[in-house]
Every structure is written in structure tokens, then in C-alpha cells.
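Subject: Structure handover

Hello,

Here is the structure I promised to pass on.

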Amino acid sequence: TTQFISGEFLAGSKTAVITGEPGSNLRLHYGTVKAGATGGMSLSCVSTDYLQPVDVTNSVATTSGDVIVESGLMRFSRDSVWTNVAHVVVRADVEPKGRLQLDSAKTFGRDVVVRLDAGAVLDLPHGGLMKCAELWIGGVKQEDGVYDAASLPGVITGVRLALGMGWMTVV
């Protein structure tokens, strides 16, 4: 088990207990990480290849920080619960473009703000139910309504999203 305040981490297959002050950030490059973040710690994926993703597995985090996919693929397993995260950001300004895959729609709490760059992808589990406070795509706040792979091709995959009463819902 390794403890970080912030910095770079070339994971491989490691277990990390992540703690940090608000504003600190741990950038993960590849591999499998069991991460338990507290405080205001943020977690970033900077994978350079979709074949070498950052896998966050078997973790519970109480951080009020952010989860950011700067590039490549970041996956959260079904047993990962990060319910206090403030923002989920998936960027697409460098190759490979950011892609976030969630095996559980309940990975993040209902107060999360989701921001997807144009060209970024959010993979949601089939049949899941996900809620968020706001949904932004390409810098534009989305209106309340229903969103799915047909209405947002290439951005949202697999399931329907409904944004109503300030909450995004996967149905």
C-alpha cells in the first residue's frame, strides 16, 4: 500500500491508498489501482493507449475532489464507489481521446457534475440508473430531457440518459 499527497503514479498493478489536501491531484498512467481517496484529492487518468487503461477496482472513496480522464481509457469496476466526487471530466483535446467506462451506474453520487468534451466518450452499464446534478457536453450545459446513444452518437454508449429535475438518469 502506498500513500500519496499528489504527483505521478505509473501503476502497473498496485494498491494505493490516496489521501490529499483539496486541490491536490494524483495522475495515473496505466494499470490496476485499488484507490481510496479522501479529503479533496482528485484522480486523473493520463493513459497513452486504450490497450493500457487505468482500472480502478474494489475501492471506496470519500473524496470531494474530481475524477478527470485527460487521455485514454479509465474504467471503474462494479465494486468501486466514489459517491462524494464533485466533478467527472472526460477530455478529448489530446490523443487518445478520453473515455470513461463505468461498470456500475452508482459509482458516483447524484450531486456530481459531468463534463464531456466534444469527442469524449462516457460508457455506461446496460440497464443502469445514474443521476447527476448537471450534464455538460462540449462546454454546453444540457437541458432537462432524455439523452441516449441515438441522440448523442459517439458521446454516450449503450443506454439511455434522462436529465430531469436537475438529475441525469440512465433508464
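R75 counts as partly exposed, because its relative accessibility is 29%. Keep in mind that this is a predicted model. R75 has a partner, D55, and the two form a salt bridge. Their closest N and O atoms are 2.4 Å apart. D55 has a relative accessibility of 17% and counts as buried. The cut-off for buried is under 20%.

Where do the two residues sit? R75 is in strand β9, residues 73-76, and D55 is in strand β7, residues 54-56. The pair therefore ties together parts that are 20 residues apart in sequence.

How many salt bridges are there? The count comes to three. Here are the other pairs.

R99 and D123 meet through their side chains in a salt bridge, at 2.7 Å from N to O. This pair links distant parts of the chain, 24 residues apart. R99 belongs to strand β11, which covers residues 99-102. D123 belongs to strand β13, which covers residues 121-123. Is R99 buried or partly exposed? R99 is partly exposed, at 29% relative accessibility. D123 is buried, with a relative accessible area of 11%.

K141 is partly exposed, at 44% relative accessibility. E134 is also partly exposed, at 23%.

Next, the backbone. Which residues does a cis peptide bond join? The bond joins E95 and P96. Its omega is about -10°. P96 lies in a loop. That loop runs between β10 (87-90) and β11. Strand β11 is also where R99 of the second pair sits.

Last, the cysteines. How many disulfides does the structure hold? The number is zero. C45 is buried, with a relative accessible area of 0%. C132 counts as buried as well, at 0% relative accessibility.

Then go to the cis bond between E95 and P96. Finish with C45 and C132.

Best wishes

Key
Residues numbered from 1 in each chain as written. Predicted model: local features only at pLDDT ≥ 70, side-chain atom pairs only at ≥ 80, totals over all residues. Heavy atoms only, no water. Salt bridge = Lys/Arg side-chain N within 4 Å of Asp/Glu carboxyl O. Helix = DSSP H or I, 4+ residues; strand = E, 2+ residues; numbered from the N terminus. Buried < 20%, exposed > 50% of the residue type's maximum accessible area, 1.4 Å probe, protein only. Disulfide = S-S within 2.5 Å.
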